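Here are a few exercises to work through with the model open in your viewer. Try each one before reading its solution.

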Amino acid sequence: MALGIQHKHIVASATDTVTNTTSETHFAKKIVIPKESFRLGDFVQGFAAVKATSTNSTDTLTVKVYLGPNSDPKTGILIAENTALDVANNDVIKLDFNFCVDAIGAGSTFEVSGGGISYKQAATAVSKTQALGSAVDAQADSFADLAIAVTATWSVASADNIARLDALHTVLFPGLVSA
C-alpha cells in the first residue's frame, strides 16, 4: 500500500539511445510499478526528456510515453506524445503527463491526460511547441507488473539519428483512504 508521496527518477545513460530505425522503439530504462501497487484514487504526475544528440538533415523525431505491461509497455495506454518534430543536434523534447487510478484489478481504468512540450534550441532563444492529448477510461491490468516507458520513432533510418533518454521522473500522490 502506498504510504505518502513516492518519487521515481531515471537519469541519462549515454548508451540508452534509439538510433538508425524507423520502428517505434522503447528506451532500455523504464519505471516499473510492481503488481497491486496502485490504489483507487492514486494520482501520478511526471515528465520525460529526450535529447536528439545527433541528427541527419530534416529527419523528424516522435516521442511517446506509455503505461502498460512491463513486458511491452507500448501495448498499454498512450499517456503523452509529441507531434513529429524536425530536430537539430541537442534539441530536447520534454513530455509532461499525469493520470489517476479510477479502478483496480484486471480491467483497471485510468483517467489519462498528457501533454508534450518540444523545446528547440536556437542561438538567441528557446521556442516551444505544445501538443495535448488525452484518453479517458483506458484500461491496464493492475494485478500485473506495469511500467511507464518512453519510445522514440525516427522518420528516416540513419546512423546519424540518435535520441537519448535524459530523464524520466514520476511522483505518485496516494489516493485518499475512504472509511
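Buried means under 20% relative accessible area, exposed over 50%, and partly exposed in between, with a 1.4 Å probe and protein chains only. This is a predicted model, where local features need pLDDT of at least 70 and side-chain atom pairs count only at pLDDT 80 or more, while totals for chains, interfaces and linings use all residues. Residues are numbered from 1 along each chain as its sequence is written, and side-chain values use heavy atoms, with hydrogens and water left out.

**Exercise 1.** Work out whether Asp91 is buried or exposed, and find what its side chain contacts.

*Solution.* Start with the place: Asp91 is in strand 9 (strands are DSSP runs of E, at least two residues, numbered from the N terminus). Next, the accessibility: Asp91 comes out at 1%, so it counts as buried. Then look for a polar contact (a pair of N or O atoms within 3.5 Å; within protein, one must be able to donate a hydrogen and the other to accept it, and residues adjacent in sequence count only if both atoms are side-chain atoms). A polar atom of the Asp91 side chain lies 2.8 Å from the backbone nitrogen of Ala88.

**Exercise 2.** Sort the residues of strand 9 by face, then find how strand 9 pairs with strand 5.

*Solution.* In a regular strand, side chains alternate between the two faces of the sheet. For strand 9 (residues 91-101), the covered face has Asp91, Ile93, Leu95, Phe97, Phe99 and Val101. Val92, Lys94, Asp96, Asn98 and Cys100 make up the uncovered face. Now the pairing (at least two DSSP bridges between two strands): strand 5 (residues 43-54) runs antiparallel to strand 9, joined by ten bridges. Ala52 stands opposite Asp91, and Val50 is opposite Ile93.

**Exercise 3.** Classify the two aromatic pairs in the structure.

*Solution.* First, the rule: rings of Phe, Tyr and Trp (its six-membered ring) pair if their centres lie within 6.5 Å; planes under 30 degrees apart are stacked, over 60 edge-to-face, and the rest tilted. There are two such pairs. The rings of Phe38 and Phe99 have centres 6.0 Å apart and planes at 75 degrees, so that pair is edge-to-face. Phe38 is in the loop between strand 4 (31-33) and strand 5, and Phe99 is in strand 9, 61 residues apart. Phe38 is buried at 3%, and Phe99 is buried at 1%. Phe43 and Phe173, at 6.2 Å and 40 degrees, are tilted. Phe43 lies in strand 5 and Phe173 in strand 13, so this pair ties together parts 130 residues apart in sequence. Phe43 is partly exposed at 30%, and Phe173 is partly exposed at 28%.

Note on methods:
Helices (H or I, at least four residues) and strands (E, at least two) are DSSP runs, numbered from the N terminus.
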